[in-house]
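Subject: Structure handover

Hi,

Here is the structure I promised you. Please open it first, then read my notes below.

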Amino acid sequence: MSKDKKATGDSLEGRDPELLRRIYEVMVLTRAVEDRMVAMYRGGDLLGSLYTGHWHEAISVGAASCLRPDDYLAPIHRDLGAHLWRGMEPWQVMASFMGKATSPTGGRDGTLHYGRLDLGIYNLPSHIPANFPVATGMAFAAKYRGEDKVCLAFCGDGSTSRADFHESLTIASVQKLPNVFVIENNQYAYSTPVRLTSHSDTFSAKAAAYGIPGVTVDGTDVLAVRDAVDEAVTRARAGDGPSIVEGVTMRMHGHAEHDPADYVVKELFEEYSKKDPVELFENVLRKAGLLDDDTARKVRDEARQSAIAARRKALADPMPEPGNIEEGVYAD
Amino acid sequence: MPTEAPPVPVLKSGPAQELSANPTYLEAVGAALDHEMERDPDVFILGEDVGQFGGAFKVTKGFLDKYGPRRVVDTPIAETGFTGLAAGASLVGLRPVVEFQFADFISCAFDPIINVLARHHWRTGDPMPVTMRAPFGGRLRAGPTHSQSVESYFAHVPGLKIVMPGTPEDAAGLLISSIRDDNPTLYLENKYLYRRLRATGPLSMEPIPLGVAKVVHEGRDVTLITYSAGVHQGVEIAQELAKEGISVEVVDVRTLVPLDVETIVNSVRKTSRAVVLHEAAKRLGYGAEIAATIQEEAFWHLDHPIVRIAAKNTPTATSPPLEDAIIPQPAEIAETLRKVARE
């Protein structure tokens with residue numbers, strides 16, 4: 001268990017105020033960068049569509065906050081917050097959505113496909129959860145070498161239907177790999193509602209089939225996510241094997257920005273509009289006396305300025321030259 | 001890098017398997033694998049039944065006793081899962097060797113091979129050194145889903161290397177190079193040869209570079225370009241035809257990707273006639289790539305159209321008369337070479 005203790009009720013007693021502040025800042029930054037990128041999408045700055053994680057900030061930041069810098073992360077396209085937590089620069093993400101030479105892949109891949117191995121972040125292909133088997137491999141390598149690193153992997157509700165979900169959970173559980181699998185249940189797989197994806201009561205209930213712990217938490221409550229993932233990380237690090245943590249939230253935008261999401265049940269949008277994870281956490285901090293108006297305004301303003309500066313840099317960055325396009329198909 | 005590698009912990013000293021004086025193709029694969037596991041503590045093997053059972057064909061018999069379950073990993077029947085696991089482990093520094101029980105089952109792992117392994121280095125600059133071993137091919141009367149030749153599916157995909165040894169000597173040297181290579185490599189073992197083909201003497205554990213073809217029988221009238229089981233077939237037929245005064249040069253490409261175009265083209269320039277032989281189905285088989293390459297590089301040296309000898313465009317049948325009607329037989333190969341050499 002980290003030094004940050006689970007609170008009872010609404011009390012933040014026993015939790016590290018510095019850590020809480022950092023979680024808040026990264027959540028605010030995540031929202032600011034994504035809001036800026038939505039404007040960039042609408043203004044024609046970006047190449048294809050834009051995949052955002054509005055209302056996923058509590059899951060991505062809360063879960064990533066449980067890792068050590070030397071742990072591994074296998075995120076998906078709703079997890080900008082996890083990238084930012086580990087040090088990915090906002091301009092790098094924008095550069096990726098613009099196909100710039102300065103993107104993490106130099107424009108060879110792009111849009112939502114960014115990662116940095118130097119930050120321990122796997123750069124996933126399009127079809128999730130193709131990152132799950134890879135995540136088991138990173139965890140396997142840690143165990144093989146006798147290291148106490150863990151690998152945290154994310155997927156969505158829709159991903160749980162695929163063979164690689166089942167195969168990864170099967171292998172990770174029989175091999176007792178130090179994995180934590182976070183399922184971001186945002187109610188829709190593109191246009192397909194959860195009721196057409198799974199007949200289970202919860203997605204975490206699937207854990208029973210693998211003989212591992214599974215828990216469902218409110219995915220808009222960053223501390224609930226953090227506590228559940230922290231327990232799973234602690235367990236994995238101790239050599240006791242993988243866990244599933246399901247965070248329930250709502251995808252407040254379309255699958256991507258081209259998608260008006262007119263198939264979404266209106267009541268869901270209404271219900272979740274009152275559950276903005278960033279606002280909820282801000283209120284918790286205010287109530288506990290850890291955040292005042294001036295500081296909140298300052299954090300939001302700094303995040304907005306960071307996003308503006310990131311856009312300026314990404315826009316000014318060069319496009320890649322095709323001269324070396326045949327290089328690197330193979331490692332020398 | 002440390003100047004001296006740390007000793008590799010083993011549970012049992014000596015070879016994992018005793019080798020015969022003239023090791024078989026199967027023994028050669030096992031010996032090379034054993035050699036690399038002894039040499040490099042980051043090499044481990046995983047797959048279905050590779051541990052206690054020693055693999056469906058016994059390539060890894062004795063490995064569990066020698067290296068323990070940490071490095072000899074019996075997996076569930078989960079090809080996508082364990083291939084993706086290998087990708088992830090390789091990304092952070094290990095050198096996994098995956099065994100597919102039959103090449104036919106590799107289709108279950110198509111996704112991690114194509115979308116993860118093959119393009120990761122080009123996308124990110126980070127290598128994924130995974131070796132994927134798979135027994136392939138027919139003549140064992142194993143039917144449509146246990147006899148396939150899968151090389152062409154994968155040869156089309158940039159980022160994979162394809163290795164197809166035709167002799168025990170090459171099986172050892174090319175596997176060693178595959179494991180040491182920093183790229184995802186598909187190493188296809190012809191399972192008909194496993195216990196039928198023997199080395200001419202003790203095996204060398206020197207790596208044989210990938211991308212270097214070999215002229216295995218010199219000749220001047222016609223070039224037969226082939227790989228895997230086509231190599232020993234081709235040499236035997238070349239020896240027969242020599243008695244009829246037909247001089248056949250046999251080129252073993254050994255690796256399909258990278259392809260040694262120079263050795264092929266030099267031979268065709270000499271003989272002016274080319275025949276391509278493989279056990280895979282003809283349509284878009286690797287012979288089509290070789291034929292197209294020859295016409296691009298040596299068209300004006302040709303005295304005869306390039307001919308492909310390959311399996312019929314059908315699945316592989318089980319019953320002997322049916323399978324033999326599908327897969328190229330020695331008589332057809334000899335007759336084709338006679339015709340091309342004399343026309």
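One helix pair in chain B comes first. Helix 1 of chain B and helix 6 of chain B cross in a right-handed sense. Keep in mind that this is a predicted model. The residues in contact are Y25(B), A28(B), V29(B), A31(B), A32(B), L33(B), H35(B) and E36(B) on helix 1 of chain B, against P168(B), A171(B), A172(B), L175(B), I176(B) and I179(B) on helix 6 of chain B. By class, that contact has 12 nonpolar, 1 polar and 1 charged residues. The axes of helix 1 (residues 25-39) and helix 6 (residues 168-180) of chain B lie 8 Å apart, at an angle of about 30 degrees. Angles under 35 degrees count as roughly parallel, so these two helices of chain B are roughly parallel to each other.

Next, the sheet in chain B. It is open, with 5 strands in the order 7-9-8-11-12 and mixed pairing. Strand 7 (214-217) and strand 12 (307-311) of chain B are at the edges with a single partner strand each, so each has one side without a neighbour in the sheet. On average, neighbouring strands are turned by 25 degrees against each other, direction ignored. T226(B) has D252(B) as its bridge partner. Helix 7 (residues 229-242) of chain B packs on this sheet and touches strands 7, 8, 9 and 11 of chain B.

Last, the chain contact. Chain A gives 29 residues and chain B gives 33. On the chain A side, helix 5 of chain A supplies the largest share, 9 residues. That side has 17 nonpolar, 8 polar and 4 charged residues.

Best wishes

Key. Residues are numbered from 1 along each chain as its sequence is written. Chains are lettered from A and ligands numbered from 1 in the order in which they are written. This is a predicted model: local features need pLDDT of at least 70, side-chain atom pairs count only at pLDDT 80 or more; totals for chains, interfaces and linings use all residues. Axes are lines fitted to C-alpha atoms, for helices over the stretch in contact, and angles run from 0 to 180 degrees between N-to-C directions. Helices (H or I, at least four residues) and strands (E, at least two) are DSSP runs, numbered from the N terminus. Angles under 35 degrees count as roughly parallel, over 145 as roughly antiparallel, 65 to 115 as roughly perpendicular and the rest as oblique. A crossing is left-handed if the near helix is turned anticlockwise from the far one by less than a right angle, and right-handed if clockwise. Two residues are in contact if their C-beta atoms, placed from the backbone, lie within 7 Å. Ala, Val, Leu, Ile, Met, Phe, Trp, Tyr, Cys and Pro count as nonpolar, Asp, Glu, Lys and Arg as charged, and the others, Gly among them, as polar. Two strands pair if DSSP finds at least two bridges between them.
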